[in-house]
Amino acid sequence: MNAESGADGSAPTVTVGLLSDPGRPTDIARKLSTDLPGVLANRVDDEVVWRVRVRSEQIPLDEQGRIPLDEAAEKMSTEQWDLMVCITELPRSDGSRPVVADVDVERGVALASLPAIGWLRPRAHACNTVAHVVGMISKEKLGSSGSRAVSRSHHHIRRRPTELASPVRQVPSEQENIDLHLALTGTRGRLRLLFGMVRDNRPWRLVPSLSRAIAASAAAAAFGIFYPSIWGMADALSSLRLLGISCFAVAMMAVWIIVHNSLWERPARHGDAKRAAMYNAATLLTLLIGVVCMYVLLFAVTLLAAVAVISASYMEVQLGHSVGLSEYASLVWLASSMGTIAGALGSSLESEAAVRRATYSKREQERRARRRRRERTGQEHEDAD
């Protein structure tokens, strides 16, 4: 491993280290380790032998809730890497602008944030981002190697045509130990970060994690399908009315979970309002998707139970007309909405820690826990004064 040409005139070797958070970032980093050498040769320098190494380790956040690049850079000498890119699932921002990557050109270190990289085809987008920042930091860090990669300006890294329309822009940084950012611009960029944050929260984990809420939902739905007066009510409601009831039930459960577990984030300072709004939007969308997944599962199970237990002839006697699949569906639709509303109350029995684990990624849990500790410390200081 060295960035100099060999004595026999062989091609120089550059080792790029990927320091990744445990979990999904490490999974992506390991996949990138097979893709990146060829991509770097094609887009940065084909006269260099590129090696990619992966280390999974969670660097503790600093007091501002950021990953300190100076502490991460210490791993370079330990691991004998020439360049390093940290891959994290923690969202990053520079003021109101979402950040894809922080770059310390002088030390040859960068940090890539998966939520801002993209929620569709994350592996491909992560590969493009890492290749881009490696091309940027190789110029300063490996300037003595004499390779074409170090003489080429980072503005001239070869890009694919689809990247030219990207919302990512290079902007200077005002933060210490960071030279520049790759930031997202405009509404498209903010939506990309929002969906990336929701993707990293993995909303489908909400279903198995809220066992008490699901039990309450199932009990209420079972009551609905076995109570004849509910049959008549469901039969009388239009599909549009049933849709409205189900939307209300899903929204009610999501809002209840947010309020009961104090998931709504208040800006600590006036300038943090846009950042807090992004986090809150991600929380709401995560919970809405998770509750919809639970609703669909509840509907399917309840429909099977209704078809298995309630005979069509008996339902015809109760409703006074012939019965088909649509009548069963209307009954289960209303019963599932009733069950979801009951599930909102059942979620109150879940611990706040369990709800946070089900709703947020590990890095987001860490950031919120640090933020709560900082707020409590500030409140204690105010009380002491």
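Predicted model: local features only at pLDDT ≥ 70, side-chain atom pairs only at ≥ 80, totals over all residues.
This is a walk through the structure, one selection at a time.

Residues are numbered from 1 along each chain as its sequence is written, and side-chain values use heavy atoms, with hydrogens and water left out.

**The whole chain**

Start with everything on screen as a cartoon. The secondary structure comes to 15 helices and 8 strands; helices (H or I, at least four residues) and strands (E, at least two) are DSSP runs, numbered from the N terminus. Of the 385 residues, 49% count as buried, where buried means under 20% relative accessible area, exposed means over 50%, and partly exposed is in between (1.4 Å probe, protein chains only).

**Stop one: a negative patch**

Select Asp70, Glu71, Glu74 and Glu176, which form a negative surface patch. Patches are made of residues with over 30% relative accessible area and no salt bridge; like charges are joined within 9 Å, and nonpolar side chains (Val, Leu, Ile, Met, Phe, Trp, Tyr) within 5 Å. Asp and Glu count as negative and Lys and Arg as positive, while His and the chain ends are not counted. The place of a charge is taken as NZ of Lys, CZ of Arg, CG of Asp or CD of Glu.

Zoom in on Glu176, in the loop between strand 7 (168-172) and strand 8 (180-184). Glu176 counts as exposed because its relative accessibility is 69%. Asp70 belongs to helix 2 (residues 69-79) and, at 35% relative accessibility, counts as partly exposed.

Now show what surrounds Asp70. Leaving out residues up to four places away in sequence, Asp70 touches Arg107 and Asn177. Asp70 and Asn177 are 107 residues apart along the chain, yet their C-alpha atoms are separated by 7.0 Å.

**Stop two: salt bridges**

Asp104 is buried, with a relative accessible area of 4%, whereas Arg107 counts as partly exposed at 26%. A search of the whole structure finds 13 salt bridges.

Next, pick Lys75 and Glu57, whose side chains meet in a salt bridge (2.7 Å, N to O). This pair links distant parts of the chain: Lys75 sits in helix 2 and Glu57 in the loop between strand 2 (49-56) and helix 2, 18 residues apart. Lys75 counts as partly exposed, at 21% relative accessibility.

Then move to Arg92 and Asp102, a salt bridge with the closest N and O atoms 2.9 Å apart. Here the link runs from Arg92 in strand 4 (residues 92-94) to Asp102 in strand 5 (residues 97-104), 10 residues apart. Both ends are covered: Arg92 counts as buried at 7% relative accessibility, and Asp102 is buried at 2%.

**Stop three: a nonpolar patch**

Select Trp119, Leu120, Leu191 and Phe195, which make a nonpolar surface patch of about 370 Å². Phe195 is in helix 6 (residues 186-201) and counts as partly exposed, at 32% relative accessibility.

**Last stop: two backbone angles**

Most residues other than glycine have a negative phi. Select Arg121, in the loop between helix 3 (114-117) and helix 4 (122-141): its phi is positive, about 50°, although it is not a glycine. Arg121 is exposed, with a relative accessible area of 55%.

Finish at Arg202, in the loop between helix 6 and helix 7 (206-209). Arg202 also has a positive phi of about 50° without being a glycine, but counts as buried, at 19% relative accessibility.

How values were computed. Areas by Shrake-Rupley, 256 points an atom, 1.4 Å probe, with all protein chains shown as cover. Salt bridge = Lys/Arg side-chain N within 4 Å of Asp/Glu carboxyl O. Contact = heavy atoms within 4.5 Å.
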